[in-house]
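User: I want to learn how to read a ligand site and the salt bridges in a model. Can you walk me through one?

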Amino acid sequence: MQPPPLPDPILSLRHISKSFGGVKALQDVSIELRPGETTALVGDNGAGKSTLVKVMSGVLRPDEGQYLFEGREVPVNGPRDVARLGVQTVYQDLALCNNLDAVQNLFLGRERTGPWWTGFRVRRAECERRARDVLRRMRLDSIALDRPVGAMSGGQRQNIAIARSILWEPKVVLLDEPTAALSHSAAEQVGALINGLASHGLAVLVISHDIHNFVLENSDRIEVLRLGKNAAHFRSGEVTGEQVVNAMVGGKEGVNSAA
Ligand SMILES: Nc1ncnc2c1ncn2[C@@H]1O[C@H](COP(=O)(O)OP(=O)(O)O)[C@@H](O)[C@H]1O
Ligand SMILES: [Mg+2]
């Protein structure tokens, strides 16, 4: 049977190189994200995964290479340009404020304020309504809106960070190791959340080290970086964890470390 035709990529990076002093973090790396698909970005520590995500999110400017959105090369001079395209990023450190509650964190820095004669006071009720709506759509109703996020579990904090990224209806979401510090069940919930985004037509990129439990179960394709270069790519349904780990470490020695 013929597989259905692939949708065109929404975001493509081509021939990206980036050095930090003498360290070649990325060398001639290309990657494509398609609507409705989750792409897992994997590789050993130092392979260049976070650097690639930072180039995608506009935080880092590559030394070389092209940034294409919806098939056209676009100028990217910083994170604002990328956000304007509809690309949101959930960083490894989450960047949540522990002393603030879920609603405040969701709207951090972009609160809805009243007009100037009210002193631009934050419209708490409106923020709460929108927060509740987004969390319900993400099936995260159990999150208390008015508790400081510092008092929440790692999984809940991760979910709030993801909810914040989709608050403005992006087309692409990039997640740097969203499950790194999570229990198995919390990681499963994040996986379900990511699947939900892709099934709503978003293009998702997720970095993860957990090949066997997370990547194979929650991605459509896998892009492997090794020592700053594209090393391999797979369709997740057509590959074993061992093959992915082998591509990450480059050779047979991966077989044992995968066990
Ligand atoms: N800001 C930076 N300054 C200097 N070197 C960096 C910086 N960021 C990353 N690197 C280096 O670039 C390489 C790739 O790092 P990174 O993208 O963080 O890898 P990964 O996320 O795959 O673990 C590493 O050798 C790392 O030390
Ligand atoms: Mg990293």
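User: How do the residues of the shell around ligand 1 divide into nonpolar, polar and charged?

Analyst: Start with the makeup of the shell. This is a predicted model. Here the shell around ligand 1 has four nonpolar, five polar and two charged residues. Among them are Phe20, Val23, Asp44, Lys49 and Thr51.

User: Which element gives the most to that shell?

Analyst: Helix 1 does, with three residues.

User: Which atoms lie close to the oxygen atoms of ligand 1?

Analyst: Look for N or O pairs within 3.5 Å. A backbone N or O atom of Gly46 is 2.8 Å from a ligand 1 oxygen. For a backbone N or O atom of Ala47, the distance is 3.2 Å. The side chain of Thr51 places an N or O atom 2.6 Å from an oxygen of ligand 1. Alone, ligand 1 exposes 560 Å², and the protein buries 58% of that.

User: Now the salt bridges. How many does the structure hold?

Analyst: Eight. For each pair, check the distance, then the sequence separation. Glu70 and Lys171 meet at 3.1 Å, N to O. Glu70 sits in the loop between strand 4 and strand 5, and Lys171 in the loop between helix 5 and strand 7, so the pair ties together parts 101 residues apart in sequence.

User: What separates Glu128 and Arg132?

Analyst: About one helical turn, because they are four residues apart in helix 4.

User: Which residues are linked in a network of salt bridges?

Analyst: Asp133, Arg136, Arg137 and Glu169.

Note on methods
Residues numbered from 1 in each chain as written. Chains lettered and ligands numbered in written order. Predicted model: local features only at pLDDT ≥ 70, side-chain atom pairs only at ≥ 80, totals over all residues. Heavy atoms only, no water. Near = heavy atom within 4 Å. Polar contact = N/O pair within 3.5 Å; in protein donor to acceptor, adjacent residues only side chain to side chain. Areas by Shrake-Rupley, 256 points an atom, 1.4 Å probe, with all protein chains shown as cover. Helix = DSSP H or I, 4+ residues; strand = E, 2+ residues; numbered from the N terminus. Nonpolar A, V, L, I, M, F, W, Y, C, P; charged D, E, K, R; others polar. Salt bridge = Lys/Arg side-chain N within 4 Å of Asp/Glu carboxyl O.
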